[in-house]
Amino acid sequence: MIAAVAIGGYLLGSIPFGVIVTRAAGTGDVRNIGSGNIGATNVLRTGRRDLAALTLLGDVGKGIVAALLARWLVGRLAGTEAAVAAAALAGGAAFLGHLFPVWLRFKGGKGVATFYGVMLTVAWPVGLAAAATWIAMAALFRISSLAALTAAALAPLFAFAFDQPFAAVVLATFMAVLIFIRHHENIRRLLKGQEPRIGGKKSAPPADPAP
């Protein structure tokens, strides 16, 4: 059952909705646009808000479905505490699947949307608080990565503050660490004041000077 929960969560998380919706809509491969990321923020750079919304729903939804299925399956056999742990395991596996999808040769996204889906299912107060943090930071600074990093950093603290199960605290910490690792380039640009704003296009690197 543990193996089934982990593998099932990973495979669900590996579904690359950003690639699927942009190709289906005829806008090309999102990996060749902007930052090359498969998430909703980069899909928005195609100019298609509808595709970005579909990508966001898909990436959030796969985290929700993975955690819900695990909670339901294990809860029927082993009770509530085990069900929460199973949901955390499946959600964490789905998050890893988004970061390292088998369908894309393990080159995936940064996991922010799936992070919210997982946390809303495993520990909804934490998920809501993290989502509210993202909205507030995005409204203030209009920088998606800064909003995501702030929300991820605060998620483990929210889990402690809301007295969530230990599995939820570990899950929030695990995902927060990976989000920071996956955003290392964004952090570098933030420190230089070069991070693109929401709805903007990623700046092209400067050309080499003519000889």
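Is D29 buried or exposed? D29 counts as buried, because its relative accessibility is 14%; buried means under 20% relative accessible area, exposed over 50%, and partly exposed in between (1.4 Å probe, protein chains only).

## Basis of the model

This is a predicted model, in which local features need pLDDT of at least 70 and side-chain atom pairs count only at pLDDT 80 or more, while totals for chains, interfaces and linings use all residues. Residues are numbered from 1 along each chain as its sequence is written, and side-chain values use heavy atoms, with hydrogens and water left out.

## Overall fold

The chain contains 10 helices and zero strands, giving the pattern α-α-α-α-α-α-α-α-α-α along the sequence. Helices (H or I, at least four residues) and strands (E, at least two) are DSSP runs, numbered from the N terminus.

The radius of gyration of the chain is 17 Å, which agrees with the value near 17 Å for a compact globule of 211 residues. That radius is taken over C-alpha atoms, and the globule rule is 2.2 Å times the number of residues to the power 0.38. Along its principal axes, the C-alpha trace spans about 70 × 35 × 30 Å. Of the contacts between residues at least 6 apart in sequence, 63% join residues at least 24 apart; contact means heavy atoms within 4.5 Å.

## Nonpolar cores

Buried residues account for 45% of the 211 residues. A nonpolar core is a set of buried Ala, Val, Leu, Ile, Met, Phe, Trp, Tyr and Cys residues joined through side-chain atoms within 4.5 Å. The largest such core has 30 residues, and those with the most contacts inside it are F95, F115, M119, V122, V126, L171 and M175. At least two residues of this core come from each of α5 (80-99), α6 (112-122), α7 (124-141), α8 (144-161) and α9 (166-182). The helix that gives the most is α9, with eight residues.

Leaving aside residues up to four places away in sequence, L171 touches A88, G92, V118, M119 and V122. A second, separate core has eight residues, including V30, I38, L51 and L104.

## Salt bridges

Side chains of opposite charge can pair when their charged atoms come close. A salt bridge here is a side-chain nitrogen of Lys or Arg within 4 Å of a carboxyl oxygen of Asp or Glu, and the whole structure has five of them. D29 pairs with R31, with the closest N and O atoms 2.7 Å apart. R31 is partly exposed, at a relative accessible area of 31%. Both residues belong to a network of salt bridges that links R23, D29 and R31.

R189 and E195 form another salt bridge, at 2.7 Å from N to O. R189 is buried, with a relative accessible area of 16%, and E195 is buried as well, at 11%. The bridge between D50 and R48 has an N to O distance of 2.8 Å. Here D50 is partly exposed at 39%, and R48 is partly exposed at 30%.

## Surface

The chain exposes about 10900 Å², and carbon and sulfur atoms supply 68% of this area. Accessible areas come from the Shrake-Rupley method with a 1.4 Å probe; for residues, only the protein chains shown count as cover.

M1, V65, L69, W72, L73 and L77 make a nonpolar surface patch of about 610 Å². Patches are made of residues with over 30% relative accessible area and no salt bridge, with like charges joined within 9 Å and nonpolar side chains (Val, Leu, Ile, Met, Phe, Trp, Tyr) within 5 Å. Within this patch, M1 lies in the segment before α1 (2-13).
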